[in-house]
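User: I am new to reading protein models and would welcome a guided tour. Please show the structure, and let us then take its features in turn.

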Amino acid sequence: MSVSIKSEREIELMREAGRILAQVHEELGRILKPGISTMDIDRTGERLIRGFGCIPSFKNYNGYPASICVSVNDEVVHGIPNKHRILREGDIVSLDAGVIYNGYHSDAARTHAIGKISPEAQQLIQVTRECFFEGIKYAKKGYHLNDISSAIQAYAEHFGYGVVRDLVGHGVGKALHEDPEVPNFAQKRKGIRLCPGMTLAIEPMINMGRADVVWLNDDWTVVTDDGSLSAHYENTILITEGEPEILSLL
Ligand code: MF3
Ligand code: CO
């Protein structure tokens with residue numbers, strides 16, 4: 001395993017990749033409403049990303065057929081956009097996107113409500129976001145990777161939620177997926193010591209019910225085994241000498 005330390009020049013490019021992706025997510029959040037298809041979201045997302053002069057990093061990644069992963073309700077991640085999949089009032093939808101700007105990647109996800117949703121679903125979305133912020137309390141020089149992982153797990157499980165084990169966060173930079181893996185649950189080992197210049201995608205995937213997930217026959221879509229709702233929140237962050245910088249948030 002080798003964890004890259006980004007130079008000041010690389011960090012500047014990743015900041016821009018992050019800023020652009022944050023704007024893409026803001027714009028996508030605004031088009032969501034009952035009646036649009038998950039394909040509509042992908043089309044708009046790809047147009048926005050290319051409009052910023054970036055490349056959608058997910059497109060054709062290991063054969064993934066779209067630019068935005070759109071995962072509805074019990075879909076955890078990697079939902080494939082489909083023009084026949086229409087969003088309805090009460091749904092929750094996770095949007096995951098990645099861009100490449102001048103050779104550098106950013107990766108971020110948000111979960112949104114479609115119209116009015118149940119208080120339980122609202123809490124799941126909010127707690128999943130809070131899991132990220134619990135985790136990055138430890139995304140600082142001197143802490144270990146497992147400090148982030150443990151904090152995310154403890155926070156989610158306090159609410160009785162299931163923390164997905166089969167998918168993890170990751171280093172990000174010249175490639176979408178770099179070392180190290182960033183699990184959302186405690187490890188037996190402390191993991192690497194965090195150093196300034198490391199860039200990580202921290203991405204809690206949290207189920208309202210059990211943690212178990214299954215893969216659908218489309219080879220991509222990951223759903224909860226028990227059919228419960230799932231939420232996803234992700235940002236690309238930079239470890240610094242002090243507080244972490246969240247690159248994919250405005
Ligand atoms: N954002 C996802 C991740 O963090 C990547 C999506 S996989 C793809 O790993 F195939 F859709 F690109
Ligand atoms: Co990611």
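User: Which residues in α4 are buried?

Analyst: A word on conventions comes before the answer. This is a predicted model, in which local features need pLDDT of at least 70, side-chain atom pairs count only at pLDDT 80 or more, and totals for chains, interfaces and linings use all residues. Residues are numbered from 1 along each chain as its sequence is written, chains are lettered from A and ligands numbered from 1 in the order in which they are written, and side-chain values use heavy atoms, with hydrogens and water left out. Buried means under 20% relative accessible area, exposed over 50%, and partly exposed in between, with a 1.4 Å probe and protein chains only. By that rule, Leu145, Asn146, Ile148, Ser149, Ala151, Ile152, Gln153, Tyr155 and Ala156 are buried in α4.

User: What covers the buried residues of α4?

Analyst: Contact means heavy atoms within 4.5 Å. The cover includes the helix α3 (119-136) and the strands β6 (162-163), β8 (178-182), β9 (199-202) and β10 (205-207). Helices (H or I, at least four residues) and strands (E, at least two) are DSSP runs, numbered from the N terminus.

User: What span should helix α4 have?

Analyst: The expected span of a helix is 1.5 Å times one less than its number of residues. Helix α4 (residues 145-158) has 14 residues and should therefore span 20 Å; its end C-alpha atoms are 21 Å apart, which agrees. Just after α4, Gly160 takes a positive phi of about 80°.

User: How should I read the strands, and in which order do β6, β10 and β13 stand?

Analyst: Strands of a sheet pair through backbone hydrogen bonds, either parallel or antiparallel. Here two strands count as paired if DSSP finds at least two bridges between them. An open sheet of 3 strands has the order β6-β10-β13, with antiparallel pairing. Because β6 and β13 stand at the edges, each with a single partner strand, one side of each is left without a neighbour in the sheet. Helix α3 packs on this sheet, touching β10 and β13, and its direction makes about 40° with that of β13. Such angles run from 0 to 180 degrees between N-to-C directions, and axes are lines fitted to C-alpha atoms, for helices over the stretch in contact. Between β6 and β10 there are 2 bridges, and Val163 has Ile206 in β10 as its bridge partner.

User: Which strands form the open sheet that includes β12?

Analyst: That sheet has 3 strands in the order β3-β12-β11, again with antiparallel pairing. Its edge strands, β3 (75-77) and β11 (213-215), each pair on one side only. Neighbouring strands are turned by 40° against each other on average, direction ignored. Strand β3 is joined to β12 (residues 222-224) by 2 bridges, with Val222 in β12 as the bridge partner of Val77.

User: Are the faces of β2 covered or open?

Analyst: In a regular strand the side chains alternate between the two faces of the sheet. In β2 both faces are covered: Ile68, Val70 and Val72 on one side, and Cys69 and Ser71 on the other, are all buried. Strand β2 (residues 68-72) pairs with β4 (residues 92-101) in the antiparallel sense over 5 bridges, and Val70 has Leu95 in β4 as its bridge partner.

User: What does β14 form with β15?

Analyst: The two form a hairpin with 6 residues between them. They pair in the antiparallel sense over 2 bridges, and Glu245 in β15 is the bridge partner of Leu238. Strand β14 also runs antiparallel to β9, joined by 4 bridges, where Ala201 stands opposite Thr236.

User: Which residues are the protein donors of the cobalt ion?

Analyst: Donors are N, O and S atoms within 2.8 Å of the metal (3.2 Å for Na, K and Ca); water is not among the atoms, so sites may look incomplete. For the cobalt ion (ligand 2) they are Asp107 (OD), His170 (NE2), Glu203 (OE) and Glu234 (OE), lying 2.1 to 2.2 Å from it. Asp107 lies in strand β5 (residues 104-113) and Glu234 in the loop between β13 (230-232) and β14 (235-238), so the pair ties together parts that are 127 residues apart in sequence. Asp107 and Glu234 are both buried.

User: Finally, how many helices and strands has the chain?

Analyst: The chain has 4 helices and 15 strands. Buried residues make up 55% of its 250 residues.
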